[in-house]
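Try each one before reading its solution.

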Amino acid sequence: VAAECRVAKSDDEVDLMRYVSWVSSMAHASVMRESHKCTYEYQLEALFLFHCAYHGGCRHNAYTCICGTGPNSAVLHYGHAGAPNDRELGPNDMALLDMGCEYMCYSSDITCSFPLSGAFTPDQRMVYETVLEAQKQILTAMRPGVPWPDMHMLMWRVTLTRLRDAGVLAGDVDAMLDANLGRVFTPHGLGHLIGIDTHDVGGYLSTTPPRSTLDGLSKLRTARTLERGMVLTVEPGLYFIDHLLDGALADPAHRAFIVPEALERFRGFGGVRLEDVVVVTEGGADNLTLCPRTVVEVEAVLRGGEWPPTVDTAPWLCRRWNTLDKATGAMVPDKSVRIESGSGLNLEADF
């Protein structure tokens with residue numbers, strides 16, 4: 001089957017995707033740094049498109065840019081012709097920017113979320129670090145032989161646990177999962193195969209596990225077991241969508257876990273998503289995305305700080321630092337970035 005041939009990428013394909021993700025990652029960091037100059041969502045999009053074309057030679061995007069701010073950040077496929085990234089930015093908004101360029105027909109798909117004020121409020125930080133913790137645990141768990149639906153359920157478990165710890169939910173997390181409460185806060189699938197298409201083929205074939213019938217889990221674009229060479233997006237998210245919140249409050253099975261007065265505080269918040277392009281290797285995850293991710297990194301870049309950092313203090317993100325050798329056109333290790341000592345990781349070992 002031709003679709004099966006595109007599921008596992010060759011080393012040459014991964015090298016090309018490493019370049020596309022590097023260009024997109026540096027463009028995202030540039031948009032963060034310049035976001036304070038923008039008035040409208042479409043200006044954030046314009047900054048990204050400029051960087052990818054001017055600095056990376058990427059004339060095309062892999063998909064229409066999603067630049068949702070404030071409540072628009074909870075609209076999963078915002079930015080299309082009917083909602084063209086045209087909202088005026090608010091000083092207290094969260095921005096959710098889902099943007100990726102394309103080069104030689106290969107795609108990147110990256111999402112960054114950050115506060116337009118330049119610093120996270122306590123609630124913004126709680127939501128953001130909930131999503132970041134899900135990303136951390138999923139990247140740590142990814143390796144050949146792991147069923148992709150298990151990673152989706154891990155996302156829900158982290159999300160519900162953190163919301164309970166923050167006082168938005170109450171009760172037993174296993175019981176919440178049994179009640180399918182996770183889909184109220186993350187109604188999309190964890191991620192998808194990526195390559196020649198942003199949503200690459202091979203997710204559901206006659207030889208693969210079937211799509212789940214469980215509401216929420218059915219949104220997964222594949223239920224396959226991870227294999228070496230697969231390239232997928234890992235995109236946990238946490239959203240406060242009025243329609244879903246109202247439905248949960250009207251459903252006794254869900255309302256039993258919700259603290260209404262605490263949840264009300266997040267009405268209009270929007271959402272947070274972090275999306276990385278990840279290669280499955282024998283040793284685990286090879287993260288092609290090199291964006292600011294920790295709160296310290298994000299706030300530093302928003303203040304105008306340089307990127308990449310001189311020290312990677314989050315080796316658990318499995319970012320393999322690389323840069324373009326302009327003399328050869330090849331991606332090479334970026335020796336200017338040092339992995340935090342004591343991490344026990346050598347992400348350059350099989351570069």
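**Exercise 1.** In which helix do Phe50 and Tyr54 lie, and how many residues apart are they?

*Solution.* Keep in mind that this is a predicted model. Start with the chain: Phe50 and Tyr54 are both in helix α3, residues 41-56. Their spacing is four residues, about one turn of the helix.

**Exercise 2.** Classify the ring pairs Phe50–Tyr54 and Trp307–Trp321.

*Solution.* The model has 10 aromatic pairs by the ring-centre rule. Trp307 sits in the loop between α11 (295-302) and β12 (311-312), while Trp321 sits in the loop between β12 and β13 (322-325), 14 residues apart.

**Exercise 3.** Are Trp307 and Trp321 buried or exposed, and what about Tyr54?

*Solution.* Both Trp307 and Trp321 are buried. Tyr54 has a relative accessible area of 60%. The cut-off for exposed is over 50%, so Tyr54 is exposed.

**Exercise 4.** Describe the second largest pocket by volume and lining.

*Solution.* First, its volume is about 450 Å³. Second, 23 residues line this pocket, with Leu76, His77, His199, Arg221 and Glu235 nearest its centre. Third, sort the lining by class: six residues are nonpolar, 10 polar and seven charged.

Methods
Residues numbered from 1 in each chain as written. Predicted model: local features only at pLDDT ≥ 70, side-chain atom pairs only at ≥ 80, totals over all residues. Heavy atoms only, no water. 1 Å grid on protein atoms, 1.4 Å probe; cavity = no way out; pocket = protein on both sides within 12 Å on 5 of 7 lines; lining within 4 Å. Points joined across faces, edges and corners; volume = space filled by probe spheres on them. Nonpolar A, V, L, I, M, F, W, Y, C, P; charged D, E, K, R; others polar. Phe/Tyr/Trp six-rings, centres within 6.5 Å; stacked < 30°, edge-to-face > 60°. Helix = DSSP H or I, 4+ residues; strand = E, 2+ residues; numbered from the N terminus. Buried < 20%, exposed > 50% of the residue type's maximum accessible area, 1.4 Å probe, protein only.
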